Amino acid sequence: MFLNEVIKSRIIVIFPGRFQPMGRHHYGAYEGLVKKFGKDNVFVATSDSTGEKSPFKFAEKKKIISAYGIPSSKIVKVKNPYKAEEITKKFDDDTVVLFAVGAKDGDRLSAGKYFEKYKVNQKNYYGYKEHGYIYILPHVALKVNGKEMSGTSIRQALGDKSKSDVERKKMFKSIMGFNNPAVYKLVSGR
């Protein structure tokens, strides 16, 4: 279904990722999305898959993500974060769906047939069953121990046993942007 006026159709935003764990840079992106599209329209999509670079199960990720103040109803367990059918199936077919990702993922995803890059001044949008739109998030450059902030660099820094617990707790607050003893224990133990 081709939509002539996006104003008549709802736009939802899916912020997909592994979030191993979610860092302050991710939360900043989430806040920007909420400001632009509204808190009722933004969802965090992540799976329950684990592995060497993905140690946190969904329940643990949800605990970490919720510590930022993101409503638990907006944190959704999905099989594939870049499809997020568990979210989209709850909406009408004419709902416009944006997937908020970094430039690298945006280029990769828009190379296929389903995704198109989102253009603010675009006149016509398709409902999610026909197309999904890639919304490129601004890059936030934050460093952890001299490395670009990522789930891996966060886990390495907070799990560094050569640092005292006091140092790691201070680092945790700096990296995450909040103090939460349960989340600190969870993240520093990985």
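Ile154, Ala157 and Leu158 of H5 are in contact with Arg168, Met171, Phe172 and Ile175 of H6. By class, that contact between H5 and H6 has six nonpolar residues, one charged and no polar. Bear in mind that this is a predicted model.

Now the geometry. Two packed helices are described by the angle between their axes and the distance between the axes. Here H5 covers residues 151-158 and H6 covers residues 165-176. Their axes are 9 Å apart, and the packing angle is about 160 degrees. Angles over 145 degrees count as roughly antiparallel, so H5 is roughly antiparallel to H6.

How much space lies in the largest pocket? The volume is about 950 Å³. The largest pocket is lined by 36 residues, and Pro16, His25, His26, Gly102 and Asp105 are the closest to its centre. Which elements give two or more residues to that lining? They are strand E2 (11-16), helix H1 (24-37), strand E5 (96-101), helix H4 (103-109) and H5. So much for position; by class, the lining of the largest pocket divides into 15 polar, 14 nonpolar and seven charged residues.

The second largest pocket has about 190 Å³ of volume. Its lining consists of Asn80, Tyr82, Lys83, Glu85, Thr88, Phe99, Leu109, Tyr114, Phe115 and Tyr128. Six residues in the lining of the second largest pocket are nonpolar, two are polar and two are charged.

That is the end of my part.

Conventions. Residues numbered from 1 in each chain as written. Predicted model: local features only at pLDDT ≥ 70, side-chain atom pairs only at ≥ 80, totals over all residues. Heavy atoms only, no water. Axes fitted to C-alpha atoms, helices over the stretch in contact; angles between N-to-C directions. Helix = DSSP H or I, 4+ residues; strand = E, 2+ residues; numbered from the N terminus. Parallel < 35°, antiparallel > 145°, perpendicular 65-115°, else oblique. Contact = heavy atoms within 4.5 Å. Nonpolar A, V, L, I, M, F, W, Y, C, P; charged D, E, K, R; others polar. 1 Å grid on protein atoms, 1.4 Å probe; cavity = no way out; pocket = protein on both sides within 12 Å on 5 of 7 lines; lining within 4 Å. Points joined across faces, edges and corners; volume = space filled by probe spheres on them.
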